[in-house]
Amino acid sequence: MFSHKLYISFLALACLVGIPRATAAACEPIRIPMCKSMPWNMTKMPNHLHHSTQANAVLAIEQFEGLLGTGCSPDLLFFLCAMYAPICTIDFQHDPIKPCKSVCERAKCGCEPVMKRYNHTWPESLACEDLPVYDRGVCISPEAIVKAEGPDNPYQDPTKCSHESNPDFPMDSHNGNCKGASDRCKCKTVRLGLKTYLKNNYNYVIRARVKEIRTRNHDLSAIVEVKDILKSSLVNIPRDVVTLYYNSGCLCPELVANEEYIIMGYENEERSRLLLIEGSIAQKWKDKMGRKVKRWDQVLREQSRGNSGRSSNSRRSRH
């Protein structure tokens, strides 16, 4: 027979086994200031970068404030918060949901060229290769994030944003509402003038006719026929059919098939890609605008030569 003490010890052990472990604790409210604007308000530590507390995550994510300030990618903040303060729901407490690989690639594509200007590269800890592809696992993207929209908004059929019908849509633990890209995409109007041209310092300027707009795995691209090359800095652009890559799920700047535009954007030298990112411009082609851009580019080159000369004189004066 069990002794009384042995019975008490056995009972205590049985109770301890039934107690949930600390690692299975409930989701916690987001306390990272940079991520409080995200369409989710609950997270779970450790995060995808193995920070055990939000206090540790804050110190790490703040190093990206300068990069965010450049506006290099509209997906950057979403991607960072999905990594540092991952969304946590009742169904995904033990394994917080990761951002989709395409979101990472868009953020990297827009921001790595900026980082390289300052002799930095995309961090290995944020490698896109390690993230799930939307049709092979559960992940989140800005186009498909589920939000608790509140009682005043019309109910949407939850089957339209279920993992079975679209793996990019993890279900919210509060309701079945979802918010699509059409509600999210609001293109900023960029007024084209000399000041804007000098400030944005575009890598390429082309005259092109749009053949089609393609959507693949939430990634947008424009297939265009290049009629004329007004400027090209890093990538050899043929007078042929080329692809322009958007780095968000939004058609910004907006292009319409069979229309001819003057298009100004940036280049990814490493991947030989022409990019349409925040600040890029597309306007209906006019000969007058083409002549203006050539004059503006001359001003930009003269300005660059002037700055280079002043820098050389300054170096010589210090020796």
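Good morning. I begin with Val256, which counts as partly exposed at 40% relative accessibility. The model under discussion is a predicted one. Val256 sits in the loop that runs between strand 7 and strand 8. Setting aside neighbours within four places in sequence, Val256 makes contact with Val210 and Tyr261. Val210 is 46 residues away from Val256 along the chain, yet the two C-alpha atoms are separated by 6.6 Å.

The loop between strand 7 (241–246) and strand 8 also holds Pro253. A cis peptide bond links Cys252 to Pro253, with omega at about 0 degrees. The chain has another cis bond to report, between Met45 and Pro46, where omega is again about 0 degrees. Pro46 belongs to the loop between strand 2 (42–43) and helix 2.

Let me now step back to the chain as a whole. Its secondary structure amounts to 8 helices and 10 strands. The chain has 319 residues, and 42% of them are buried. Of the contacts with a separation of 6 or more, 67% are between residues 24 or more positions apart. The accessible surface of the chain is about 18400 Å², and carbon and sulfur atoms account for 51% of that surface.

How many of the 9 residues of helix 4 are buried? The count is 8, so helix 4, which spans residues 76–84, is largely enclosed by the rest of the structure. The buried residues are Leu76, Phe78, Phe79, Leu80, Cys81, Ala82, Met83 and Tyr84. What do these buried residues pack against? Their partners are helix 2 (54–61), helix 3 (65–69), strand 3 (98–99), helix 5 and strand 4 (139–140).

Helix 2, one of those partners, contains Asn56. Asn56 has a relative accessible area of 34%, so this residue counts as partly exposed. Between Asn56 and Tyr84 there are 28 residues of sequence separation, and their C-alpha atoms are 9.7 Å apart. Tyr84 is itself among the buried residues of helix 4.

Helix 5, another partner of helix 4, carries Glu112. Is Glu112 buried or exposed? Glu112 counts as buried because its relative accessibility is 11%, and the cut-off for buried is under 20%. Beyond its neighbours within four places in sequence, Glu112 is in contact with Thr121, Trp122 and Glu270. Glu270 lies 158 residues from Glu112 along the chain, while the C-alpha atoms of the pair are separated by 10.0 Å.

Helix 5 also brings us to the second largest pocket, to whose lining helix 5 gives the most, with 7 residues. The volume of this pocket is about 780 Å³. Which elements give two or more residues to its lining? They are helix 5 (101–117), helix 7 (194–200) and strand 8 (260–268). In total, 32 residues line the second largest pocket, and those nearest its centre are Val114, Arg117, Asn200, Tyr266 and Ile277. By class, the lining comprises 11 nonpolar, 11 polar and 10 charged residues. Both domain 1 (24–126) and domain 2 (194–304) contribute to the lining of this pocket, with at least three residues from each.

Two asparagines deserve a word on backbone geometry. Asn119 has phi near 60 degrees, a positive value in a residue other than glycine. Asn119 is placed in the loop between helix 5 and strand 4. With a relative accessible area of 72%, Asn119 is exposed. Asn201 is not a glycine either, and its phi is positive at about 45 degrees. Asn201 is located in the loop between helix 7 and strand 5 (204–216). Its relative accessible area is 39%, so Asn201 is partly exposed.

To close, I would draw attention to two points in this predicted model. Helix 4 is largely enclosed by the rest of the structure, since 8 of its 9 residues are buried. The second largest pocket draws at least three lining residues from each of domain 1 and domain 2. Thank you for your attention.

Notes:
Residues numbered from 1 in each chain as written. Predicted model: local features only at pLDDT ≥ 70, side-chain atom pairs only at ≥ 80, totals over all residues. Heavy atoms only, no water. Helix = DSSP H or I, 4+ residues; strand = E, 2+ residues; numbered from the N terminus. Buried < 20%, exposed > 50% of the residue type's maximum accessible area, 1.4 Å probe, protein only. Contact = heavy atoms within 4.5 Å. Areas by Shrake-Rupley, 256 points an atom, 1.4 Å probe, with all protein chains shown as cover. 1 Å grid on protein atoms, 1.4 Å probe; cavity = no way out; pocket = protein on both sides within 12 Å on 5 of 7 lines; lining within 4 Å. Points joined across faces, edges and corners; volume = space filled by probe spheres on them. Nonpolar A, V, L, I, M, F, W, Y, C, P; charged D, E, K, R; others polar. Domains from an automatic or database assignment.
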